[in-house]
Amino acid sequence: MKQWLKLSLILFITFFISRIVFLLTYSSNIKNIPINEFIYSFLYGFRFDLSVIGYFSLPVLILTIVVSIFGKTNTKINLINQKFIQYYFTIISIFIANSIIIDLGFYYEFKSRINYLAFDYLDEF
């Protein structure tokens, strides 16, 4: 359970840092935004980040609970569970990092965050 919390916190920090990088990269576009809207955007982003982390980590949480109930004495099952969590979060982290990089490039090109246009653009290939 500690590993799940630690990895969820790492994902949350990654989302927060990516939001800061995005704002610093495109700071010329946000000069006219009032401070209260700026703060609300971070609060809204915080809620969205928690939701995404929840969806991505729900399978791991369920597996961890099942293993903790049924596999308390079997160290092999616990080891497999820990390895699965490490691989799962590595894959999710790579997916999220790629999504962040693609979002930065998409915004540079279209002045919009990733939306349906990205998928329409991919359909052309």
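Before the structure itself, two remarks on how to read it. The model is predicted, so to speak of local features we need pLDDT of at least 70, and side-chain atom pairs count only at pLDDT 80 or more, while totals for chains, interfaces and linings use all residues. Residues are numbered from 1 along each chain as its sequence is written, and side-chain values use heavy atoms, with hydrogens and water left out.

Let me start with the overall layout. The protein has four helices and zero strands, and along the sequence the pattern reads α-α-α-α. Helices here are DSSP runs of H or I with at least four residues, strands are runs of E with at least two, and both are numbered from the N terminus.

The C-alpha trace spans about 60 × 40 × 20 Å along its principal axes. The radius of gyration is 18 Å, whereas a compact globule of 125 residues would have one near 14 Å. That radius is taken over C-alpha atoms, and the globule rule is 2.2 Å times the number of residues to the power 0.38.

Of the 125 residues, 25% are buried. Buried means under 20% relative accessible area, exposed means over 50%, and partly exposed is in between, using a 1.4 Å probe and protein chains only. As for contacts, which are heavy atoms within 4.5 Å, 68% of those with a separation of 6 or more are between residues 24 or more positions apart.

Now helix H2. H2 has 36 residues, and its first and last C-alpha atoms are 51 Å apart, close to the 52 Å expected at 1.5 Å a residue. The expected span is 1.5 Å times one less than the number of residues.

Where does H2 bend? The bend is at Ser57, by about 50°, and Pro59 follows within four residues. The angle is taken between axes fitted to the seven residues ending at a position and the seven starting there.

Ser57 counts as buried because its relative accessible area is 1%. A polar atom of the Ser57 side chain lies 2.6 Å from the backbone oxygen of Ile53. Beyond four places in sequence, Ser57 touches Trp4, Ser8 and Phe89. The buried residues of H2, among them Phe42, Asp49 and Val67, pack against H1 and H3.

Next, helix H3, residues 75-110. Its 36 residues should span 52 Å at 1.5 Å a residue, and the end C-alpha atoms are 51 Å apart, so the two values agree. At the N-terminal end, Asn74 caps H3, with a side-chain oxygen 3.1 Å from the backbone nitrogen of Lys76. The buried residues of H3 include Ile85, Phe89, Ile92 and Ile96, and the buried set packs against H1 (2-25), H2 (35-70) and H4 (116-123).

Is Glu109 buried or exposed? Glu109 is exposed, because its relative accessible area is 55%. Asp103, also in H3, is buried because its relative accessibility is 9%.

The Asp103 side chain makes a polar contact with the side chain of Arg113 at 2.5 Å. A polar contact is a pair of N or O atoms within 3.5 Å; within protein, one must be able to donate a hydrogen and the other to accept it, and residues adjacent in sequence count only if both atoms are side-chain atoms. A polar atom of the Asp103 side chain also lies 3.0 Å from the backbone nitrogen of Ile114.

After H3 comes Lys111, with a positive phi near 55°. Lys111 sits in the loop between H3 and H4, and its side chain reaches the backbone oxygen of Tyr108 at 3.3 Å.

Last, the core. How many residues are in the largest nonpolar core? There are 13, and Leu11, Val60 and Phe89 have the most contacts inside it. H1, H2 and H3 each give two or more residues to this core, and the largest share, five residues, comes from H3. A nonpolar core is a set of buried Ala, Val, Leu, Ile, Met, Phe, Trp, Tyr and Cys residues joined through side-chain atoms within 4.5 Å. Leaving out residues up to four places away, Leu11 touches Ile53, Phe89, Ile92, Ser93 and Ile96.
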